[in-house]
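The sequence and the structure are shown first, and the commentary follows.

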Amino acid sequence: MPLRPARRRRRPAHAARAALVALATAAAAALGAASPAAAADTWTEVGSDRADPLTESQGLTSVEVPAGSPNRYTGIGTVPLGLSVRGWNHVGDPDASYDGHYVEPYQRDSGASKMFRVQAPGGTWSEYVHALGPGEALNNSWVAIAPGGQWMLSGEWGTMTRLLVLPTPGVNPATSPSANLPQVSTVRLDHAVRDVQGCDFSGPTTLLCSSDDPEGALFGVTKPLLRIDLSAEPNGTSDVTGHVTALRQLPLRSSCSGSFETEGVDYDRRSGTLRVIVVSPGFCVLTDSKTYRFTRG
């Protein structure tokens, strides 16, 4: 509010000062209310590794069981031939439950279903098919297994205001390779997201997600790292809400100019390390695509 001209003395000076102090206090309080969340999720880049365009260009996850397991990656070169000839020619960003079940999301160019390929801790593979619900997009870009293990999230391509909740195949006892893997509930987002390529839980009700948004109109920045705070842990009986915040733009550095593509994301709770794949444009997809590493603070 602009100050009144000095010649207008309808208000005593001490009252004006008190009003200014009140305004400043209110502004500081508002900033203080917003700053803890921002400070808590300030992710600083601490390094990077080259991402192989064939085998590390779609997604990644850390695996806790068995102990000492290497990180897992997906790309066009990791799709088994037997799946490809059946039409499952695209694999997205995988995840692993804390008990060692590893889940890869697959899609094909047409049809009315998605597929989740699961490796049990003992090494056995199984396939679980999910029939599309009304209005559900065909793509299957990512999965994120909730810390409790029984439920997982899946997203859709494009501009969306929801995430899908499904029972975790191979972990939830209600699932079977011989039965449809159903959507059981929904995460209702309070802000639209676009082209999410990967999400991972960093806590029981917190997701970190990589968006390939090329426009920047939703959050004022292209290719953002997003945080989604859920109102409760996902479950199979009721919907939950999700509050969406854009934390920062992901790194867009390459020797080539053009369109970058953000891919999968992984949060390793053991080290507190966040990793995100960013694929370089043009020829540089072969040379300087990166998996960037971040830590909080």
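Glu104 and Arg117 are both buried. The structure is a predicted model, and in it the side chains of Glu104 and Arg117 form a salt bridge with an N to O distance of 3.3 Å. Because Glu104 belongs to strand S6 and Arg117 to strand S7, this pair ties together parts that are 13 residues apart in sequence.

The loop between strand S6 (102-107) and strand S7 (113-119) holds Asp109. Asp109 counts as exposed because its relative accessibility is 67%, above the 50% limit for that class. With residues up to four places away in sequence left aside, Asp109 touches Gly87, Asn89 and Leu138. The side chains of Asp109 and Asn89 make a polar contact of 3.1 Å. Leu138 is 29 residues from Asp109 along the chain, and the C-alpha atoms of the two are separated by 8.2 Å.

## Other salt bridges

Side chains of opposite charge can pair when their charged atoms come close. The structure holds 17 salt bridges. One of them joins the side chains of Glu64 and Arg269, at 2.8 Å from N to O. Glu64 is in the loop between strand S2 (59-61) and strand S3 (72-74), while Arg269 is in the loop between strand S17 (261-268) and strand S18 (273-279), so the pair ties together parts that are 205 residues apart in sequence. The two partners fall into separate accessibility classes: Glu64 is buried, with a relative accessible area of 19%, and Arg269 is partly exposed, with 43%.

Another salt bridge is formed by the side chains of Arg275 and Asp266, at 3.2 Å from N to O. Arg275 counts as buried because its relative accessibility is 7%, and Asp266 counts as buried at 1%.

S18 pairs with S17 in the antiparallel sense over 6 bridges. Within this pairing, Val278 in S18 is the bridge partner of Thr262. S17 and S18 form a hairpin with 4 residues between them, and Gly272 in the turn has a positive phi of about 70°. S18 also pairs with strand S19 (residues 290-296), in the antiparallel sense and over 6 bridges. There, Thr273 stands opposite Thr295 in S19.

In soluble globular proteins, nonpolar side chains tend to be buried together. The largest nonpolar core of this model has 19 residues, and those with the most contacts inside it are Leu153, Leu163, Val187, Leu207 and Ile228. Two or more residues of this core come from each of strands S11 (159-167), S12 (185-194), S13 (196-203), S14 (206-211), S15 (224-230) and S16 (240-249). A second, separate core has 12 residues, including Phe260, Val265, Val278 and Tyr292.

Leu153 touches several residues beyond four places away in sequence, among them Trp142, Leu163, Val187, Phe201, Leu207 and Pro234.

## Disulfides

A disulfide is a covalent bond between the sulfur atoms of two cysteines. The structure holds 2 disulfides, and the bonded cysteines, counted along the chain, follow the pattern 1-2, 3-4. Since Cys199 lies in strand S13 and Cys209 in strand S14, the pair ties together parts that are 10 residues apart in sequence. The link of Cys199 and Cys209 is right-handed, with 110° about the S-S bond. Cys199 is buried, with a relative accessible area of 1%, and Cys209 is buried, with 0%.

Cys256 and Cys284 form a disulfide, also with sulfur atoms 2.0 Å apart. This pair links distant parts of the chain, 28 residues apart: Cys256 is in the loop between S16 and S17, and Cys284 is in the loop between S18 and S19. The torsion about the S-S bond of Cys256 and Cys284 is about 70°, so the disulfide is right-handed. Cys284 counts as buried at 4% relative accessibility.

How values were computed: Residues numbered from 1 in each chain as written. Predicted model: local features only at pLDDT ≥ 70, side-chain atom pairs only at ≥ 80, totals over all residues. Heavy atoms only, no water. Core = buried A, V, L, I, M, F, W, Y, C linked by side-chain atoms within 4.5 Å. Buried < 20%, exposed > 50% of the residue type's maximum accessible area, 1.4 Å probe, protein only. Contact = heavy atoms within 4.5 Å. Polar contact = N/O pair within 3.5 Å; in protein donor to acceptor, adjacent residues only side chain to side chain. Salt bridge = Lys/Arg side-chain N within 4 Å of Asp/Glu carboxyl O. Pairing = 2+ DSSP bridges. Disulfide = S-S within 2.5 Å.
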